[in-house]
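I set out to record how the parts of this protein are put together.

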Amino acid sequence: MSEHAIEVILNGEPVQAIVEGRRTLVDFIRLDAGKTGTHIGCEHGVCGACTVMLDGEAVRACLMLAVQADGRQVRTLEGVADADGTFSRVQQAMREEHGLQCGFCTPGVVMTLTAMTEANPQVSEEELTDAICGHLCRCTGYQGILRVVKRLTGAAT
Ligand code: FES
Ligand code: FES
């Protein structure tokens, strides 16, 4: 069994841990760092629930190893709102457009939308819709989430 000392910058704070080589990034986030806003669904890259940002890009944390995040910036749902708790633009849109019901898929959806809109504030409705295709939601019928996309891209009527 191989063990590795890693340090991940998680939501701006360094987190050190000794992890097995096989430890997934999502298990590191939830079990070692105690940030349970990131959810685990399928555990094989299909549902999108575990999506976090790695150096600004949306990634599936169930498909990555914790050691791959050593020395890198990871952002989770807990790092999306302002320090005073004010919702981000994406969170506010999710709230106002009823983009969630049970909330299980929601952290992943928020992280993908956050990564896309921060990387390109002019991102198109088509690009955002395409990006959230990788997120399975068993509750909303997707209509609320698509309204969020419209709002974020200025396409809301
Ligand atoms: S838990 Fe990672 S994609 Fe489903
Ligand atoms: S809000 Fe329940 S799975 Fe999406």
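For the entries on area, I take buried area as the accessible area, with a 1.4 Å probe, that two parts lose on being put together, summed over both. I note that the model is a predicted one.

**Domains.** I looked up the domain assignment, which gives domain 1 as residues 3–78 and domain 2 as residues 89–152. Taken over C-alpha atoms, their centres are separated by 21 Å.

**Interface.** I found that domain 1 and domain 2 bury about 1,200 Å² between them. Of this area, 63% is on carbon and sulfur atoms. On the side of domain 1, the most area is lost to domain 2 by His 39, Met 53 and Leu 77, which together make up 36% of what that side buries. I also looked up the contacts: 18 residues of domain 1 touch 14 residues of domain 2.

**Polar pairs.** I found 1 salt bridge across the interface of domain 1 and domain 2. For polar contacts across this interface, I recorded 5 residue pairs. Strands E3 and E4 (57–60) each supply at least two residues of the side of domain 1 that touches domain 2.

**Helix H1.** I then turned to H1, residues 25–32, where Leu 25, Val 26, Phe 28 and Ile 29 are buried. Seen down the axis of H1, the buried residues fall within an arc of 165°, so they line one face of the helix. I found these residues packed against strands E1 (3–10), E2 (13–20), E3 (51–54) and E5 (73–75). After H1 comes Gly 34, with a positive phi near 75°.

Notes. Residues numbered from 1 in each chain as written. Chains lettered and ligands numbered in written order. Predicted model: local features only at pLDDT ≥ 70, side-chain atom pairs only at ≥ 80, totals over all residues. Heavy atoms only, no water. Buried < 20%, exposed > 50% of the residue type's maximum accessible area, 1.4 Å probe, protein only. Helix = DSSP H or I, 4+ residues; strand = E, 2+ residues; numbered from the N terminus. Arc of directions from axis to C-beta. Contact = heavy atoms within 4.5 Å. Domains from an automatic or database assignment. Salt bridge = Lys/Arg side-chain N within 4 Å of Asp/Glu carboxyl O. Polar contact = N/O pair within 3.5 Å; in protein donor to acceptor, adjacent residues only side chain to side chain.
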